[in-house]
Amino acid sequence: MNRWIGAALALALAACVLAPPGLVFAEDAPQAAASEAVLDLDEHGEAGAEASITGTVRANLVSATLPSNIAFTFDPAAEFDPTAGKNQVDTPSAAAATNNSVVPVVLEITQVQVKDDGHLGENPLDGSAQTLKLKAHVNDQWKTVGGVQELVERGVGEPGTAILALRPKGERFASLEAFEQYALLPTGSGGPTAATPLRAATLPADSTVPLEIYGKLASDRLYGEYGFSVGVTLKVRALQSGESWDYLPTEN
């Protein structure tokens, strides 16, 4: 019998925090040395000289409290439709990110790694390797060349393929393409980097935003209960002036 029972995924989140752009920490700021000028009075008993006053802003560190690990379960038999809130992943209610700052911040993903290159073990029936491969699309991608349909990229369909995204809880995506832009892919294989991060959520000042893992998994060759881990590095930065606030969960 083909079955995947309570497939456990652990999402390790390592965090770093950055100061708001344009602000300099006092201990890092260049310190101007004090200087003196000797003034000699002229025949009118007057003297003058230009002087400058240099000040350094002491900036508060952008601070956020992030989960270090999120363990959740996958049910490949469940319906998946991110436009209607139908998800194969059950994320614990404790998964959340808290902004301790007085300014809104953006939570970004700068690195994604699949533990053991996605190796899940061996099929107990035939001994073949079972692996996990993260995909960028839910469905197969096709293009038309000379009136003929050609396959560009496989979606989630082959055994062991999956798509995952980390976003605010309860988000309803306008389309499948809108969901896929947040797909977690391994860094080095189309995934995020420090220079090209993937946006996860926007956190208003002094607030907590629940997080949810959205995903679909194809497992018709996987037997029994399996677990795998995806390591994700997060960065927190201040929201820029004029930048989109992104999706925010509705308060109940």
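**Exercise 1.** Find which residues Ala194 touches, not counting residues up to four places away in sequence.

*Solution.* Ala194 touches Thr110 and Lys235 once residues up to four places away in sequence are set aside. A contact here means heavy atoms within 4.5 Å. This is a predicted model, in which local features need pLDDT of at least 70, side-chain atom pairs count only at pLDDT 80 or more, and totals for chains, interfaces and linings use all residues. Residues are numbered from 1 along each chain as its sequence is written, and side-chain values use heavy atoms, with hydrogens and water left out.

Helices (H or I, at least four residues) and strands (E, at least two) are DSSP runs, numbered from the N terminus.

**Exercise 2.** Decide for Ala194 and for Ala95: buried or exposed?

*Solution.* Start from the cut-offs: buried means under 20% relative accessible area, exposed over 50%, and partly exposed in between (1.4 Å probe, protein chains only). Ala194 counts as exposed because its relative accessibility is 60%. Ala95 has 5% relative accessibility and therefore counts as buried.

**Exercise 3.** Describe the surroundings of Ala95.

*Solution.* Ala95 belongs to the loop between strand S4 (89-90) and S5. Leaving out residues up to four places away in sequence, Ala95 touches Ile70, Pro210 and Leu211. The C-alpha atoms of Ala95 and Glu212 are 7.2 Å apart, although the two residues are 117 residues apart along the chain.

**Exercise 4.** State the strand order of the open sheet with five strands, and name its edge strands.

*Solution.* The order is S2-S5-S14-S12-S9, with mixed pairing. Strands S2 (64-65) and S9 (133-134) are the edges, as each pairs on one side only. Two strands pair if DSSP finds at least two bridges between them. S2 and strand S5 (residues 96-99) meet this with two bridges, in the antiparallel sense. Across this pair, Thr65 stands opposite Thr98 in S5.

**Exercise 5.** Summarise the whole protein: how many helices and strands does it have, and what share of its residues is buried?

*Solution.* The protein has one helix and 15 strands. Of its 252 residues, 39% are buried. Among contacts with a separation of 6 or more, 78% come from residues 24 or more positions apart.
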